[in-house]
Amino acid sequence: MTTRTDRTAAVRIAWAATKLTRAGRHPIAIGRLAATVGMDPAEAHRLMDLMGFAIRDGLVVMDRGSRPGPVGKAASDRYQMDLFLLAVATGEPVHADSFCPATGARVRVHFTRDRVLSVDPPHAVVAASRLPGIDLTLGQDYVEALVCTQFFASKEAAAGWLLENIDGRVLSVPDYLVHTRRMAAALEAWPSI
C-alpha cells in the first residue's frame with residue numbers, strides 16, 4: 001500500500017518525465033530525471049515504478065501504444081497516455097481518433113495545448129477518471145487529478161460509464177482541455193519540478 005504523499009509525488013515526477021522525454025520519444029537517464037526534480041535516484045526509480053513507467057538500462061521509457069480493442073473495433077484509448085496531457089507537455093498538436101464504446105460512433109478530436117481545433121461529433125465528451133489519493137492542492141487552490149479514460153459521442157452516451165465509475169467525470173472536450181492546463185499548472189508549481 002502506498003501513501004497519499006507517494007502517489008502525489010509519483011504523479012508529479014511522471015509529469016516531469018513526460019515533459020523531459022517529450023512523451024517518450026527521447027528516453028532519459030533516471031539519474032538525470034532525479035537530478036532535474038531534486039530527488040535521490042533510488043526514490044525517483046521507486047516512484048516511476050509506482051506510476052507504471054519502465055526503466056530499462058537506466059533509461060525512463062514510456063509506453064504510448066494502445067492495447068487491442070474489442071473485436072471489430074479500433075484500439076481503445078483507455079490505456080493510452082492522456083492525450084490532453086501529451087499536448088500540454090509537448091506543445092504539439094494532437095489528433096485523437098477513437099470509437100464511442102456505447103454507440104460505436106467514430107469520435108475525432110484535434111487540439112493543441114491552447115485550444116480545441118475540431119470535435120466530431122460536436123457534442124463528444126471526455127470520460128475522465130479521478131486519480132485516487134492524488135493531492136494537487138496549492139494553498140486554497142485545489143485541482144482534482146483527472147485522466148482522460150476515453151471519448152464518448154455525447155454526454156448521454158457516457159451515462160452508463162458514469163454510473164459504473166462514480167468517481168469519474170464527463171466533460172466537454174474544451175472544458176477538459178481547460179482542466180488539463182490547470183492541472184499541469186499545479187504540477188509545474190510544485191517546487192522541485
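Is Tyr176 buried or exposed, and what is its relative accessible area? Tyr176 is buried, with a relative accessible area of 0%, where buried stands for under 20% relative accessible area, exposed for over 50% and partly exposed for what lies in between, using a 1.4 Å probe and protein chains only.

The structure is a predicted model, in which local features need pLDDT of at least 70 and side-chain atom pairs count only at pLDDT 80 or more, while totals for chains, interfaces and linings use all residues. Residues are numbered from 1 along each chain as its sequence is written, and side-chain values use heavy atoms, with hydrogens and water left out.

## Aromatic rings

A pair of aromatic rings is described by the distance of the centres and the angle of the planes. The structure holds 4 aromatic pairs, counted where rings of Phe, Tyr and Trp (its six-membered ring) have centres within 6.5 Å, with planes under 30 degrees apart called stacked, over 60 edge-to-face and the rest tilted. Two of these pairs, both involving Phe84, are set out here.

| Pair | Centre to centre | Angle between planes | Class |
|---|---|---|---|
| Phe84 and Phe151 | 6.0 Å | 45° | tilted |
| Phe84 and Tyr176 | 4.8 Å | 80° | edge-to-face |

Ring pairs link Phe84, Phe111, Phe151 and Tyr176 into a cluster.

## Helix packing and strand pairing

Helix α6 also packs against helix α1 (residues 4–20), at an angle of about 100° and with the axes 10 Å apart; the axes are lines fitted to C-alpha atoms, for helices over the stretch in contact, and angles run from 0 to 180 degrees between N-to-C directions. That makes α1 roughly perpendicular to α6, a class that covers 65 to 115 degrees, whereas angles under 35 count as roughly parallel, over 145 as roughly antiparallel and the rest as oblique. Val11, Arg12, Trp15 and Lys19 of α1 and Ala184, Leu187 and Glu188 of α6 make the contact, which means heavy atoms within 4.5 Å.

Strand β8 is joined by 6 bridges to strand β7 (residues 125–130), and the two run antiparallel; strands pair if DSSP finds at least two bridges between them. Ala127 has Gln150 as its bridge partner in β8. Strand β7 is also joined to strand β9 (residues 169–172) by 4 bridges, again antiparallel, and the partner of Ala128 in β9 is Arg169.

## Loops

Most residues other than glycine have a negative phi, and most peptide bonds are trans. The peptide bond from Asp120 to Pro121 is cis, with omega near 0°, and Pro121 lies in the loop between β6 (116–120) and β7. Asp57, in the loop between β2 (54–56) and β3 (59–61), has a positive phi, near 50°, and counts as exposed at 80% relative accessibility.
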